[in-house]
Structures are given as C-alpha cells and as structure tokens.
Amino acid sequence: MKPSIGRIVHYRLSEQEAEAVNRRRRDFHESRSAAERTGFVGHVGNWAEAGVVYPAMVVRVWDETTVTVNLQVFLDGNDALWATSRAEGTDAGTWSWPERV
C-alpha cells in the first residue's frame, strides 16, 4: 500500500518520545495554579509508554521510495505528537498499516 495525506496508520512510540510527552504533561500538572490564572491550555492525558501503538494521521509524504512520512500521532490525552520523517517498520519510532481483522 502507498501512504497518502489523511491516511490513518499505527505509530509505535519511542522511549525518547514517551519521555518528552510525559515531561510536558508533568510540567503542566506541577504548574497548574499558574495555568488556571492565565487560561493556558496544557498537556494532559494518560501516561505515555515506549512501544505502545497509537493511531496517527499522515500529514506529508516525503519519499515514496523509502516510505518516509510526517505524522500527527493521536495520544491518549488532549495533545498530539508531531513525528517527522518516519519510516515504515515495526520498531519504536516507525509506523505501520493497521491490521485488518
């Protein structure tokens, strides 16, 4: 199959990405009193874990020969992760087509 803009794929979160997501969520939680006064919308959601698969939308196709794409990864919260220049695969930090059942 060939990726195209708007297609939904599966994305496997890497350790570094999970740490970054959790850091942003922790920072918001720890500074919530300031956010309540300013109206700031922070990152909140369930704990992100490396290796967990999340749905993602293809937002740009870079190289069809290596199947490299940019993705908006839908996390289990009110935020998303922008995953750039990601290849198709099964390792952390790669995307794959959803299995049809």
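The protein chain of this predicted model has two helices and five strands. Helices (H or I, at least four residues) and strands (E, at least two) are DSSP runs, numbered from the N terminus. Along the sequence the order is β-α-α-β-β-β-β.

A word on conventions. Residues are numbered from 1 along each chain as its sequence is written, and side-chain values use heavy atoms, without hydrogens and water. Local features need pLDDT of at least 70, side-chain atom pairs count only at pLDDT 80 or more, and totals for chains, interfaces and linings use all residues.

Next, burial. Of the 101 residues, 32% are buried, meaning under 20% relative accessible area, with exposed over 50% and partly exposed in between (1.4 Å probe, protein chains only).

Which residues touch the most other members of the largest nonpolar core? They are Val 9, Tyr 11, Leu 13, Leu 71, Val 73, Leu 75 and Trp 95, out of 18 residues in that core. E1, helix H1 (15-30), strand E2 (53-63), strand E3 (68-74) and strand E4 (80-86) each supply at least two of its residues. A nonpolar core is a set of buried Ala, Val, Leu, Ile, Met, Phe, Trp, Tyr and Cys residues joined through side-chain atoms within 4.5 Å.

Take Trp 95. Beyond its neighbours within four places in sequence, its contacts (heavy atoms within 4.5 Å) include Val 9, Tyr 11, Leu 71 and Arg 86. For the protein chain, 57% of the contacts with a separation of 6 or more join residues 24 or more positions apart.

Last, Ile 8. Ile 8 lies in strand E1 (residues 8-12), and Ile 8 counts as partly exposed because its relative accessibility is 40%.
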